[in-house]
Amino acid sequence: MTERNAVYTLARAKVPARLPPTDSNGVRMVIGANRGIGLALVRAQLRSQGVRQLIATYRPGADLRALAPLSQHHGSRLDLVPLDVADDGSIARFSRYLLRQKGGIDVTIHAAGILHEDGIEPEKSFADCNAANLKRLFAVNSVGPLMAAGALLPAQSRKRRFTFVALSAMVGSISDNRLGGWYGYRASKTALNQFIKTLANECRFKYPNASIVAVHPGTTDTELSRPFQRSVKPGKLYSPDQTASRILKVIEDIDQDQSGQFINWDGSRIPW
Ligand SMILES: NC(=O)c1ccc[n+]([C@@H]2O[C@H](COP(=O)([O-])OP(=O)(O)OC[C@H]3O[C@@H](n4cnc5c(N)ncnc54)[C@H](OP(=O)(O)O)[C@@H]3O)[C@@H](O)[C@H]2O)c1
């Protein structure tokens, strides 16, 4: 084989096979659904006629005061499933649950994440960095979504058109880092972005109709942002409902060609 032919063959091999996609089945999932943006995504999708079933995960022991009444109202249309994304046993049980869901899941939004938790606050400077806290942020914000995606993939058929969105954050963009601070949260979202890009590359061949993306939801009025809202410019803090409808619009508009991208809430691309 000539060198030119070898290059051509390699280039051809890199073009993913486009398979005719299987139809949507109206099943969606929100991970981290009991409050904040996840809860708003549950409410918004339950209002949509096209959503036949919604799987909503919550961390065992979480406050279910908002989800429980929705479950009573919607019956089997809303399936509440326990999942701690930083717990291997919980991920294994979740994986077995997903394998029992015949027909796969059209859209999964991973909304679980932490900025602060018991004993964890965003670091103002390097002196505030603590190895245990940094590992915890990576376990929940970076490894958690990758493991959740890993649990989802075996439950999807190769031809299936599906979307996996991980909620990332603008502060995870290295090129946008002008202020410093927030070492753990920032880096955990940067690692998440790299996981998403790497997974999307691998899935281009294994699941050619999949869209796997990281999305920045915009600064949203939730418990996560509450302690830091004083520094948000007027008009730049959005309600969870506004954010949910923007994320759903981004999902509606994306296709497989955007798989592996870091996308802003307005649909524009965020530089790494
Ligand atoms: N709000 C913003 O301004 C903003 C901006 C940029 C990016 N984001 C990202 O958007 C996502 C959602 O944020 P939010 O504002 O909705 O936060 P939030 O109101 O604090 O809600 C976080 C959700 O994640 C869940 N969670 C935390 N650790 C978990 C774990 N180990 N396993 C499973 N679930 C877990 C929480 O469950 P519990 O109730 O059990 O704690 C809760 O349901 C996060 O990834 C965040 O980084 C938010």
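Here is a walk through the fold, from the confidence of the model to the sheet and then the ligand.

What you're looking at is a predicted model, where local features need pLDDT of at least 70, side-chain atom pairs count only at pLDDT 80 or more, and totals for chains, interfaces and linings use all residues. Residues are numbered from 1 along each chain as its sequence is written. As for pLDDT, the predictor's confidence in each residue on a scale from 0 to 100, its mean over the chain is 92, and 92% of the residues reach 70 or more. Residues 1-16 stay under 50. Where pLDDT is low, the predicted coordinates should not be read in detail.

Now for the sheet. Helices (H or I, at least four residues) and strands (E, at least two) are DSSP runs, numbered from the N terminus, and two strands pair if DSSP finds at least two bridges between them. Seven strands make an open sheet with parallel pairing, in the order β3-β2-β1-β4-β5-β6-β7. β3 and β7 (262-264) sit at the edges with a single partner strand each, so one side of each has no neighbour in the sheet.

Strand β2 (residues 53-58) pairs with β3 (residues 78-82) in the parallel sense over five bridges, and Ala56 stands opposite Leu80 in β3. To get from β2 to β3, the chain passes through helix α3 (residues 67-74) in a right-handed β-α-β crossover (with the strands pointing away from the viewer, the path from the first strand over the helix to the second runs clockwise).

Finally, the ligand. It is surrounded by 29 residues, and Gly36, Ala112, Gly113, Thr222 and Leu224 are the closest; a residue counts as near if its C-beta atom, placed from the backbone, lies within 6 Å. Helix α2 (residues 36-46) gives the largest share of this shell, three residues.

Terms used. Contact = placed C-beta atoms within 7 Å.
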